[in-house]
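Dear colleague,

I am handing over the structure below, and I would be glad if you opened it before reading on.

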Amino acid sequence: MTRALSALIRAVPALLLALAAQARPLVYCADSSPEGFDPGMWDSQGTNTISKQMFQGLLAFTRGTTALEPNLAESYELSPDARTITFHLRRGVRFQTTSYFKPTREFNADDVIFTFTRFIDPKTAFNKAFPVNFVYPNNLGLAKLLEGIDKLDDYTVRFRLKAPNVAFVANFAMAWSVIESAEYADQLLARGRAADINNFPVGTGPYQFRSYAKDDVLRMDPNPSYWRAVQKGKLIFSFAREPNVRVQKLLAGECQIAAALRDVDVTTLARRRDVIIEKIAALNISYLSFNMRKAPTDKRLVRTALDIAVDRDAIFKALFPRGDAQQAVSAFPPAIPGYDQSLRNEYDPERAKKLLAEAGFPNGFEIDLWALPVARPTNPNGQLMAQLIQQDWARIGVTAHIKTYEWGEYLKRANRGEHSVYMSGWSGETGDADEFLTPNLSCAANKTGIKFCNKDFEALIDEARATPDMARRKELYEKAQRIFKFERPWITMAHSTVYIARRPDVHGFIMSPNGSVDFENVYRD
C-alpha cells in the first residue's frame with residue numbers, strides 16, 4: 001500500500017465526520033430518560049430505543065416487520081432439534097472510536113462470548129467488579145436455558161440450549177442482547193472503572209455517544225467507522241416527560257420527531273399540513289400488576305374482585321376517545337398466534353363485593369395504587385386512569401391511595417416490591433406469545449415472589465417453547481391463558497395503535513411493530 005493511499009484511508013473518517021457536521025441534526029423529543037447505557041441492565045422502552053441507535057445484535061428485525069435478518073452475524077443455522085444455534089460473524093466490523101476508547105481489533109467471537117457470559121455467570125471478573133441485575137436476561141431465565149456458548153473460531157459462535165426452544169432465536173435481535181466490546185471491558189476492568197460501561201457506551205451501531213445531560217439532552221454523532229453507510233447528521237434526544245411539551249416543541253421546530261402521541265394530540269395535529277402522522281397497530285399491552293407477595297393482593301379472590309370492579313368501558317371513553325384502542329383480555333394481543341378467543345373481561349361490582357367478603361374483607365380495605373408517571377400509547381394518562389379506578393374500587397368499599405414517582409425511581413421501587421398495585425406495560429417485537437409470557441409471567445421472572453409464578457402455567461409455556469408444531473403450541477398457549485385469567489396476576493387494560501408525529505423534512509423513517517424508533521438512515525433535507 002502506498003503512503004498516499006494509506007493517508008487517504010486514514011483521512012476518510014475525518015472527512016465523513018466533517019460532512020455529517022454540515023448536515024442539520026435530527027432531534028427526537030423522547031418521553032423518558034435512560035436509566036443507563038449498558039443495554040443488558042435495563043428493560044424499558046426509553047433505554048431500549050437509545051441502545052438501538054448505538055448498539056447492534058447478531059440479528060435484527062427487518063424494518064417495520066417482525067421478520068429476522070442477519071446483522072453482526074452474516075448467517076446462522078438452527079439445528080433440527082431446536083437446541084443449537086450457530087452464528088457466522090460478519091468480518092470488517094469495528095467498535096466505535098471515542099474519546100475514552102480506541103479499539104485495536106475488529107469485532108469477533110470474543111465480544112459475543114463476553115456479552116452473553118456476563119448474563120449467565122456472576123463469577124466472571126467483570127461481574128465481580130460490577131455486579132448488577134440483568135433484568136430481561138434474568139426474567140427470561142437465560143442461565144437456565146443455556147447449556148453453553150462455544151467459540152468455534154474467531155468468527156463462529158455456537159449457543160447450546162438445555163431444551164428445544166423454537167422461539168429462542170428471536171432473542172438475538174432484541175435490545176438486551178446487543179454486543180459489547182470485550183476489549184473495552186478489559187480496559188475498564190484494568191483501570192478499576194468497570195461501572196463506566198453503563199455511563200460511557202461503546203457499540204458498533206450507526207451512532208456513537210457524545211454527551212448526556214441527565215433528564216435533558218443526549219447527543220450522538222455519526223459513527224465514522226460504521227460498516228454500513230455513515231449517517232448524514234448528528235442525532236439528538238431531547239427529553240420531555242409531558243406530552244403537550246413534546247407537541248409544542250415539534251410544532252416550534254425544536255424537534256423533528258416526537259414520541260408516541262396521545263389520542264387528543266392526534267386529533268389536533270391531524271389538521272396541520274406541517275406535520276405528518278405515522279401509525280401502526282402495535283404489539284403491546286398495558287396492565288396493572290398485583291404484588292403477589294403482599295397482603296391483600298396475595299389472595300386470588302381479592303385480585304379477581306379488584307379486576308371485575310374496573311369499568312373498562314368508562315376508562316376507554318376517557319383515555320382513548322378516538323376509539324382505535326382495544327381492551328386487553330389476555331396477556332398478549334389477539335393478533336399473536338395462540339390467543340384464546342374464548343376469554344372475556346367482566347364488570348360486576350356486586351359480585352366483586354361478594355368475593356371480597358368471601359376473602360375476609362366484607363368492609364373492604366385500603367390499598368396503594370401506583371400511577372404510571374410517563375405517557376404511553378397504551379396508557380396515555382396514568383394519573384387519570386388511577387383516578388377512575390380509584391372511583392371504581394370505592395364502590396366496592398376499597399380505598400385506593402394514588403402514588404407516583406419519577407420514572408427511574410418508579411421502576412426501582414416496583415422491582416423491590418414496594419407496591420401493592422402498579423401500572424406497567426409491554427411491547428413485543430417478534431409476534432410470538434413467548435415474548436410476552438416468559439419475561440413477565442414465568443417463575444424465572446419472579447425470584448422475589450412479587451410476580452406471578454404458577455407451576456401448571458410454567459409447564460405449559462415450557463412445553464410450548466419446545467414444540468415446533470404450531471397447532472400444538474396454540475393449544476398449550478390457550479390453556480396457559482386460562483390459568484392466567486383464573487389467577488388474575490394482572491388487570492389487563494389496553495392494546496393500542498401507536499401514532500408518531502414528524503416534520504415533513506424528515507425522510508427514511510419507518511415505524512416498528514412495537515412502536516419504537518430506529519434512526520439509521522433517517523435524515524433531514
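Leu68, Tyr76 and Leu78 together make a nonpolar surface patch of about 220 Å². One of these residues, leucine 78, lies in strand E4, which covers residues 73-78, and leucine 78 counts as partly exposed because its relative accessible area of 36% falls between the 20% and 50% cut-offs. Please keep in mind, here and below, that this is a predicted model.

Arginine 118 belongs to helix H3 (residues 109-120). Is this arginine buried or exposed? With a relative accessible area of 3%, arginine 118 is buried, since buried means under 20%. The side chain of arginine 118 makes a polar contact, at 2.5 Å, with the side chain of aspartate 38. Leaving out residues up to four places away in sequence, arginine 118 touches Asp38 once again in the list, along with Phe126, Asn127, Phe130, Val132, Phe134, Glu180 and Ile197.

Glutamine 208 sits in strand E8, which runs over residues 207-213, and glutamine 208 counts as buried because its relative accessibility is 9%. A polar atom of the glutamine 208 side chain lies 3.1 Å from the backbone oxygen of threonine 97. When neighbours within four places in sequence are set aside, the residues in contact with glutamine 208 include Gln96, Thr97 and Thr98, as well as Met54; also among them are Arg219, Met220, Asp221, Pro222, Asn223 and Pro224.

Conventions
Residues are numbered from 1 along each chain as its sequence is written. This is a predicted model: local features need pLDDT of at least 70, side-chain atom pairs count only at pLDDT 80 or more; totals for chains, interfaces and linings use all residues. Side-chain values use heavy atoms; hydrogens and water are left out. Helices (H or I, at least four residues) and strands (E, at least two) are DSSP runs, numbered from the N terminus. Buried means under 20% relative accessible area, exposed over 50%, partly exposed in between (1.4 Å probe, protein chains only). A polar contact is a pair of N or O atoms within 3.5 Å; within protein, one must be able to donate a hydrogen and the other to accept it, and residues adjacent in sequence count only if both atoms are side-chain atoms. Contact means heavy atoms within 4.5 Å. Patches are made of residues with over 30% relative accessible area and no salt bridge: like charges are joined within 9 Å, nonpolar side chains (Val, Leu, Ile, Met, Phe, Trp, Tyr) within 5 Å. Accessible areas come from the Shrake-Rupley method with a 1.4 Å probe; for residues, only the protein chains shown count as cover. A salt bridge is a side-chain nitrogen of Lys or Arg within 4 Å of a carboxyl oxygen of Asp or Glu.
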